[in-house]
Amino acid sequence: MEIKIKLYGSSKILSDKDILKIKLPNNSNIEKVRDVLTKIIFEKKLKNNLDNLPKTAAFLSAKDEVINDSYKLTDKEFISIIPPIGGG
């Protein structure tokens, strides 16, 4: 299956577009998305910039509701990734 992820903040470095399409096995959940993003970051050598993104980002459903790691995704689903925001 394939899903689309709307990118915000620092996650925009993952793609030259505002949306990242990723392929996942059927019956995948957000935890699997985190694994795939970790691989993408490693393969694109973005580790220094986005080292903790997959572990710390929040994910939102198309209804803008926070979804947890066990949330089951469907084919063609559209979700958003919200990186943590820090300040000082």
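I am working with a predicted model, where local features need pLDDT of at least 70, side-chain atom pairs count only at pLDDT 80 or more, and totals for chains, interfaces and linings use all residues. Residues are numbered from 1 along each chain as its sequence is written, and side-chain values use heavy atoms, with hydrogens and water left out.

**Helix H1.** I took helices (H or I, at least four residues) and strands (E, at least two) as DSSP runs, numbered from the N terminus. H1 covers residues 30-43 and reaches 20 Å from its first C-alpha to its last. I checked burial next (buried: under 20% relative accessible area; exposed: over 50%; partly exposed: in between; 1.4 Å probe, protein chains only). Ile30, Val33, Arg34, Val36, Leu37, Ile40 and Ile41 are buried. They fall within an arc of 165 degrees seen down the axis of H1, so they line one face; the arc is taken from the directions from the helix axis to the C-beta atoms. On the other side, Lys39, Phe42 and Glu43 are exposed. Just after H1, I found Lys45 with a positive phi of about 55 degrees.

**Salt bridges.** My rule was a side-chain nitrogen of Lys or Arg within 4 Å of a carboxyl oxygen of Asp or Glu. I got four salt bridges. Asp69 pairs with Arg34, closest N and O atoms 2.8 Å apart. That pair joins the loop between strands S4 and S5 to helix H1, 35 residues apart. Arg34 is buried at 14%, while Asp69 is partly exposed at 32%. Lys23 pairs with Glu2 at 3.9 Å. Lys6, Lys12 and Asp18 are linked in a network.

Conventions. Expected span 1.5 Å × (residues − 1).
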